[in-house]
Amino acid sequence: KKRVVSGVQPTGMVHLGNYLGAIKNWVALQDLYETFFFIVDLHAITLPYDAPELSKATRSTAAIYLACGIDSSKASIFVQSHVRAHVELMWLLSSSTPIGWLNRMIQFKEKSRKAGDENVGVALLTYPVLMASDILLYQSDLVPVGEDQTQHLELTREIAERVNNLYGGRKWKKLGGRGGSLFKVPEALIPPAGARVMSLTDGLSKMSKSAPSDQSRINLLDPKDVIVNKIKRCKTDSFPGLEFDNPERPECRNLLSIYQIITGKTKEEVVSECQDMNWGTFKTTLTDALIEHLQPIQARYEEIMSDPGYLDNVLLKGAGKASEIADITLNNVYQAMGFLRR
Ligand code: AQP
């Protein structure tokens, strides 16, 4: 079976964008591939954060994976920092990653400009090397990535090829290794169209955990009345009827797309159902669909959170399985790079 890895940062509340763009798609992947879904807590400290909140958000994100249908008997679910190989391999990879490659990363440029140089830790720059480590450790074939992550995945591929050339093949064999590639070079798995969920208050920017206004996103755990209120107040326009493909109506496209994915209907079905609706009617329809979809997830979440032992076990088992595989890669890299082994 091909291997797939992916994760979400425990940096706040998991929102509809994380769910429709990532977690919901993973549920189908776990039946097709050998899957590793982790909570990327080490990435979550690359911008200023609240330490007591980190462990809470990590547990909560893990429970959300399970509540959304990720099944621990099919997928390995674990916390990134529980598998030490992630950080170790990152250090080894960073010696072969030119600073120029990292300086070019758009996300680094944007996030460091926003935060200001004095507030930016070195980890924000080296973040993509940790992501490369996350992926390469598992010899992953496929990585589901949103548009925002394609540049980082490309960098992962470049790092893999460079390390394979520098240390793999015959050179590795001479050091007692198997020879050949140290890393599989992974491919992107592009999510289904329409999976980029935009902000409720601005149809041109993505729904995001870090946006200051909570009104801009639907959190997976938002209670009914909050969802009602957010949809009631979300940005719309004054065009007649509703349509997907008018570039002047990004909010309309976004809300129709959310409705389409959440109900599992086709675009054509949504067009014929909604094209003549006014905003008031559509907002009620969308709100009802969201509540109906999220309610069972929220109920399962509560159940999971009420049994901490169960969650601990899932994460322990997941980390155990992940460590076994990660350690094989890590040991090979140490060997190929010429380290004296214990
Ligand atoms: N708006 C979105 N639409 C579709 N997919 C999205 N993802 C995030 N936002 C959207 C996908 O969710 C996965 C996990 O994201 P992350 O936790 O690594 O954080 P992120 O990509 O930086 O997104 P956030 O949640 O909006 O956080 P901030 O505010 O910190 O940028 C990824 O697969 C991502 O593509």
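Is Lys 321 buried, exposed or partly exposed? Lys 321 is partly exposed, with a relative accessible area of 36%, where buried means under 20% relative accessible area, exposed means over 50%, and partly exposed lies in between, using a 1.4 Å probe and the protein chains only. Before I go on, please keep in mind that this is a predicted model, in which local features need pLDDT of at least 70, side-chain atom pairs count only at pLDDT 80 or more, and totals for chains, interfaces and linings use all residues. Residues are numbered from 1 along each chain as its sequence is written, and side-chain values use heavy atoms, with hydrogens and water left out.

Let me stay with Lys 321 and turn to charge pairs. Side chains of opposite charge can pair when their charged atoms come close. Lys 321 forms a salt bridge with Glu 34, at 3.5 Å from N to O, the term being used for a side-chain nitrogen of Lys or Arg within 4 Å of a carboxyl oxygen of Asp or Glu. Glu 34 belongs to strand β2 (residues 34–39) and Lys 321 to helix α13 (residues 308–336), so this pair ties together parts that are 287 residues apart in sequence; helices (H or I, at least four residues) and strands (E, at least two) are DSSP runs, numbered from the N terminus.

Over the whole structure, the search finds 17 salt bridges. Another of them joins Asp 214 and Arg 217, at 3.3 Å from N to O, with Asp 214 partly exposed at 35% relative accessibility and Arg 217 buried at 8%. These two residues also belong to a network of salt bridges that links Asp 214, Arg 217, Asp 222 and Lys 230.

A further pair is Lys 235 with Glu 251, whose closest N and O atoms are 3.4 Å apart. Lys 235 sits in the loop between α9 (224–233) and α10 (250–263), while Glu 251 is in helix α10, so the pair ties together parts that are 16 residues apart in sequence. Here Lys 235 is partly exposed at 40%, whereas Glu 251 is buried at 7%.

Now to the cysteines. The search of the whole structure finds zero disulfides, a disulfide being a pair of cysteine sulfur atoms within 2.5 Å. For Cys 252, the nearest cysteine sulfur is that of Cys 274, 9.3 Å away. Cys 252 is buried, with a relative accessible area of 0%, and Cys 68 is buried too, at 9%.

Next, Phe 183, which is found in the loop between α8 (169–174) and β5 (187–189) and is buried at 2% relative accessible area. Leaving aside residues up to four places away in sequence, its contacts (heavy atoms within 4.5 Å) include Leu 89, Leu 136, Gln 139, Val 163 and Val 333. Of these, Gln 139 has a positive phi of about 50° although it is not a glycine, and Gln 139 lies in the loop between α6 (122–136) and β4 (142–144).

Finally, the ligand. A polar side-chain atom of His 15 lies 3.0 Å from a ligand oxygen atom, and a polar side-chain atom of Asn 18 is likewise 3.0 Å from an oxygen atom of the ligand. Helix α1 gives the most to the shell around the ligand, with four residues.

Notes: A polar contact is a pair of N or O atoms within 3.5 Å; within protein, one must be able to donate a hydrogen and the other to accept it, and residues adjacent in sequence count only if both atoms are side-chain atoms.
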